[in-house]
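Here's a walk through a predicted model, written for someone who likes to have the atoms open alongside.

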Amino acid sequence: MTSLIIKNATLPNGSVADIAIDGETIAAVGTNLATDGATVIDATGLVALPGFVDLHTHLREPGFEGSETVLTGSRSAAAGGFTAVHAMANTSPVQDTAGVVEQVKALGEAAGFVDVVPVGAVTVGLEGKQLAELGAMANSRAQVRVFSDDGKCVHDPVLMRRALEYVKAFDGVVAQHAQEPRLTEGAQMNEGRVSAELGLTGWPAVAEESIIARDVLLAEHVGSRVHICHLSTAGSVEIVRWAKAKGIAVTAEVTPHHLLLTDELARSYDAVYKVNPPLRTQEDVLALREALIDGTIDIIATDHAPHPTESKDCEWQAAAFGMLGLEIAASVAQEVLVESGRSNWQRLAEVLSLNPAKIGRLSEQGQEIAAGAVANIALIDPAAKREIADTQSKSKNNPYRGLNLPGAVVHTIYRGYPTVASGTVAEKGRN
Ligand SMILES: [Zn+2]
Ligand SMILES: [Zn+2]
């Protein structure tokens, strides 16, 4: 029995089809499917993509509910076309035990807007001293597969080696925030011409690249897989390209902001542009775009990092690092892959859905739109031109305000349930 039918959607390969949904599942994809009794979504002119999967989101709960909650972050994700987000471990308490990751998963289920997939901390308390209970988190109800101390780098090479060895037992992956701590003490922005002119302490590219080089070699040495968070420099791209050519099991992500914005924005002294790793140069932006197109970079991940106004509306040195991203990712991807004429919607589906689901080992996400798949779908109006204004997030640190970017998420279907309909986020989740 069809409960929901999407009429005349354009699939990533360019064909036009109807999509019939029965409960949580796609029942059929074809032309002129019968609509009888079903709720109809007219998708004429809209592109249907598999629901987006974010490998890197900060939902802030438990502990920092003034910035975001699992519910507000989930609503923001749905508004951006996401049907799953990985929730980073730097909460309070830290997500370093089975109990805390199960709590975050339960909060996600109660919200009902996306699958909330907890990331487990690599080290106890993110302190970089002692491995957390990786196996207990993997075997918990949260079934953790991605482990990260994100916000901090696992900089001790012995700990990193042990973590890489440990996660092999359950096909997990360590997601590294590559930042050599000694080289970035007091760092405020990208080290280069702009930092010199502004007199702000620089953050050298080598602080990122040296850790990536070390970790791909460690991954090769122990025969494990490693994922590199938020690549931000042309040199990082070169190292990942080299490692992949050598057959090392490395995957890499880039954020929307590193694909679009540069360190020139720091000249405004507006801390909305302060982020870790920092915005880099136009040369880096172009290298990251090229790497996303040619497959060196596997995915776009948002690093959605909400902060309250008081942490951002202050002088640059005192401000927190981070920016919002969930509601902008699809537009930036469309700009870089489709509007540029360099790639296509199929690649966009790969980098925002198929590949992140694969890296996170999610079996019910990141599936091509076909009969039998779970009904996770984002419907995009590619012709929409929108100014990025307010968001669903509890925080306002949105660096895209005032920019004109292509495309808008019109409908999001999460496990057969419309979390976004005609551009409006549902009052309640699917539960
Ligand atoms: Zn990070
Ligand atoms: Zn992060």
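Arg415 makes a salt bridge with Asp115, with 2.8 Å between the closest N and O atoms. Salt bridge here means a side-chain nitrogen of Lys or Arg within 4 Å of a carboxyl oxygen of Asp or Glu. The structure holds 23 salt bridges, and 1 salt bridge is counted between domain 1 and domain 2.

A word on ground rules. This is a predicted model, where local features need pLDDT of at least 70 and side-chain atom pairs count only at pLDDT 80 or more, while totals for chains, interfaces and linings use all residues. Residues are numbered from 1 along each chain as its sequence is written, chains are lettered from A and ligands numbered from 1 in the order in which they are written, and side-chain values use heavy atoms, with hydrogens and water left out.

Now the domains. The assignment (automatic or from a database) gives domain 1 as 4–47 + 373–425 and domain 2 as 51–359. Their C-alpha centres lie 26 Å apart, and the contact (heavy atoms within 4.5 Å) takes 32 residues from domain 1 and 45 residues from domain 2. Between them the two domains bury about 3,100 Å², 60% of it on carbon and sulfur atoms; buried area is the accessible area (1.4 Å probe) that two parts lose on being put together, summed over both.

| Pair | N to O distance |
|---|---|
| Arg430 and Glu24 | 3.4 Å |
| Arg225 and Asp171 | 3.8 Å |
| Glu350 and Arg347 | 2.9 Å |

Arg430 and Glu24 meet in a salt bridge. Arg430 sits in the segment after strand 19 (424–425) and Glu24 in the loop between strand 2 (16–22) and strand 3 (25–30), so this pair ties together parts 406 residues apart in sequence. Helices (H or I, at least four residues) and strands (E, at least two) are DSSP runs, numbered from the N terminus. Glu350 and Arg347, by contrast, both lie in helix 12 (residues 345–359), 3 residues apart, about one turn of the helix. Arg347 is buried at 11% relative accessible area, whereas Glu350 is partly exposed at 24%. The cut-offs are under 20% relative accessible area for buried, over 50% for exposed and in between for partly exposed (1.4 Å probe, protein chains only). Salt bridges that share partners also join Glu24, Asp115, Glu364, Arg415 and Arg430 into one network.

On to the metals. Which residue coordinates both zinc ions? That's Asp150, with the zinc ion (ligand 2) and the zinc ion (ligand 1) 3.5 Å apart. Donors are N, O and S atoms within 2.8 Å of the metal (3.2 Å for Na, K and Ca); water is not among the atoms, so sites may look incomplete.

The zinc ion (ligand 2) is held at 2.1 Å by His56 (NE2), His58 (NE2), Asp150 (OD) and Asp303 (OD). Its 4 donor atoms subtend angles of 84 to 171 degrees, which makes the arrangement irregular. Four donors count as tetrahedral if all angles lie between 85 and 135 degrees; four count as square planar and six as octahedral if opposite donors are over 155 degrees apart and all others between 65 and 115; anything else is irregular.
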